[in-house]
Amino acid sequence: MSEIKSYLRSLERSRDSMRPEHRPKVFSLCGREWDLLDTVFAPLHAGTTEIVLGMLDLSDPVRRPRRGAFLEVGCGTGVVAVTAALAGWERVVTSDINPEAVANAALNARRHGVADRVRAVHSDLFEGLPSGQLFDTIVWSSPYVRAPEGYRFGTALERAYVDPGYEAHRRYVDEAPRRLMNDGRALLHFSSRGDMEGLRRIAAETGRRLRVLRRHIVVDRGDSVEHFLLEVCSDEGASEEYDGIVRRGGLHSQLARTRTQHA
């Protein structure tokens, strides 16, 4: 396993993020102030939240009418979900397996005056949601670094950094398209630090198709890391379309500017 893909490196980052200097009670991101609770993923330490906002076109402060329901899986502080509500989404659900993250997301929804449109739910992926609840957009910024199957989490925060055996990725790829309204989109933020070949196999085995919508390259501690916004579709032919997109250098994707940050 290369150093950049090492789950041990990611676990070390999760421990480093718990240092007091990386955990302000309030932090600034995209021109807004956000609350951060003690055991919740710290966006400024990792730098991926801002990338996701950009890929979802949520960095623009201009509010636009966006009809329908939006779900953020693995919400952490709830920045993406709250920003989606501020951007005009009518109904927003934000979920996390960490109860303190659920509380954190609700806190930030109140801070920004959208508590009437943002509902924070304790859920392991989709398990805590009503079985018939469907969405127009689902997004998960996944813990894309693969840990060995059977790895047991030492802290709640480690779940935001690694996924043992890609068990959670398999469940998301399989179930997310079933949770969509007609013409809805199931989105997955992934990275070259993850096991893309493993994700491709999961898509093929579950009858899904992965479509690369956007790409973004950053320099992470001297390493070039590529971030992807993938759409998980229920069509057949997953590996063929994915291979074609990659060989063409991202024909259906947008390459954003390169910058130096943690990823």
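Strand S6 gives the most to the lining of the largest cavity, with three residues. Strands here are DSSP runs of E with at least two residues, and helices are runs of H or I with at least four, both numbered from the N terminus. The model is predicted: local features need pLDDT of at least 70 and side-chain atom pairs pLDDT 80 or more, while totals for chains, interfaces and linings use all residues. Residues are numbered from 1 along each chain as its sequence is written, and side-chain values use heavy atoms, without hydrogens and water.

The structure holds one cavity of 30 Å³ or more, and the volume of the largest cavity is about 40 Å³. A cavity is a set of points on a 1 Å grid over the protein atoms alone where a 1.4 Å probe fits but cannot get out; lining residues have an atom within 4 Å of a point. The volume is the space filled by probe spheres set on the points, which are joined across faces, edges and corners.

The largest cavity is lined by Val 52, Glu 72, Val 73, Gly 74, Val 80, Val 139, Trp 140 and Ser 141. Strands S3 (66-73) and S6 (135-141) are the elements that give two or more residues to this lining.

Conventions:
On a 1 Å grid over the protein atoms alone, a cavity is a set of points where a 1.4 Å probe fits but cannot get out, and a pocket is an open set with protein on both sides within 12 Å along at least five of seven lines; lining residues have an atom within 4 Å of a point.
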